[in-house]
Amino acid sequence: MKAVYDKRLGWIMKKKKIDKQGLTPRQMEVYNLIKDYIKANNFAPSYEEIKQLMGSRSKAHVHAFVHQLINRGWIGRGNGRNRSIFIL
């Protein structure tokens, strides 16, 4: 991992480039929700907003999807910051 400065997020740790792995249909739906929200609002959605957009009842469910997308190399996240999800 290496530290990289992002104007919006500040210093973030970036993992070495990982080849993007395929997504399940539900993961792709969550990825598209996040991508469209960022495009429309110029900032990332909170877990609560993702939960509402997904129609889920649990933020733990959202947390699992976000971390699956991070591990598969589709999105990134700043450490210890709110609304720090970004598209890779």
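# Exercises on a predicted protein model

The accessible surface of the protein comes to about 5,900 Å², and carbon and sulfur atoms hold 51% of that area. The model is a predicted one. The exercises below go from the whole chain to single residues.

## Exercise 1. The overall layout

Determine how many helices and strands the protein has, in which order they run, and what share of the residues is buried.

Solution. 

1. Counting the elements gives three helices and four strands.
2. Read from the N terminus, their order is β-β-α-α-α-β-β.
3. The protein has 88 residues, and 32% of them count as buried.
4. For the contacts, take pairs at least 6 apart in sequence: 48% of these contacts join residues at least 24 apart.

## Exercise 2. The buried side of helix 1

Find the buried residues of helix 1, describe how they are placed around its axis, and name the elements they pack against.

Solution. 

1. Helix 1 covers residues 25-41, which is 17 residues. From first C-alpha to last it reaches 24 Å, close to the 24 Å expected at 1.5 Å a residue.
2. Its buried residues are Gln-27, Val-30, Tyr-31, Ile-34 and Tyr-37.
3. These residues lie on the same side of helix 1, because they cover an arc of only 130 degrees around the axis.
4. The background is helix geometry: an α-helix has 3.6 residues a turn, so residues three or four places apart point the same way.
5. On the face turned away from the buried side, helix 1 carries the exposed residues Pro-25, Lys-39 and Ala-40.
6. The packing partners of the buried residues of helix 1 are helix 2 (47-54), helix 3 (59-71), strand 3 (75-77) and strand 4 (85-87).

## Exercise 3. One residue of that side

Is Ile-34 buried or exposed, and which residues is Ile-34 in contact with, leaving aside its neighbours within four places in sequence?

Solution. 

1. Ile-34 lies in helix 1.
2. Its relative accessible area is 0%, so Ile-34 is buried.
3. With neighbours within four places in sequence left aside, the contacts of Ile-34 are Pro-45, Ile-50, Leu-69, Ile-75, Ile-85 and Ile-87.

## Exercise 4. A lysine in helix 2

Decide whether Lys-51 counts as buried or exposed, and list what Lys-51 touches beyond four places in sequence.

Solution. 

1. Lys-51 is found in helix 2.
2. The cut-off for buried is under 20% relative accessible area. Lys-51 has 16% relative accessibility and therefore counts as buried.
3. Not counting residues up to four places away in sequence, Lys-51 touches Ser-56, Arg-57, Ser-58, Lys-59 and Val-62.

## Exercise 5. Positive phi angles

Work out where Asn-42 and Arg-83 lie and how exposed each one is.

Solution. 

1. Most residues other than glycine have a negative phi.
2. Asn-42 has a positive phi, near 65 degrees. This residue follows helix 1 and lies in the loop between helix 1 and helix 2.
3. With a relative accessible area of 62%, Asn-42 is exposed.
4. Arg-83 also has a positive phi, near 50 degrees, and is found in the loop between strand 3 and strand 4.
5. With a relative accessible area of 33%, Arg-83 is partly exposed.

## Exercise 6. A buried loop residue

Locate Leu-9 and list its contacts, leaving aside neighbours within four places in sequence.

Solution. 

1. Leu-9 is in the loop between strand 1 (2-6) and strand 2 (10-14).
2. Its relative accessible area is 4%, so Leu-9 is buried.
3. Apart from neighbours within four places in sequence, Leu-9 is in contact with Arg-81, Ser-84 and Phe-86.
4. Leu-9 and Asn-79 are 70 residues apart in sequence, and their C-alpha atoms are 9.4 Å apart in space.

Conventions: Residues numbered from 1 in each chain as written. Predicted model: local features only at pLDDT ≥ 70, side-chain atom pairs only at ≥ 80, totals over all residues. Heavy atoms only, no water. Helix = DSSP H or I, 4+ residues; strand = E, 2+ residues; numbered from the N terminus. Buried < 20%, exposed > 50% of the residue type's maximum accessible area, 1.4 Å probe, protein only. Contact = heavy atoms within 4.5 Å. Areas by Shrake-Rupley, 256 points an atom, 1.4 Å probe, with all protein chains shown as cover. Expected span 1.5 Å × (residues − 1). Arc of directions from axis to C-beta.
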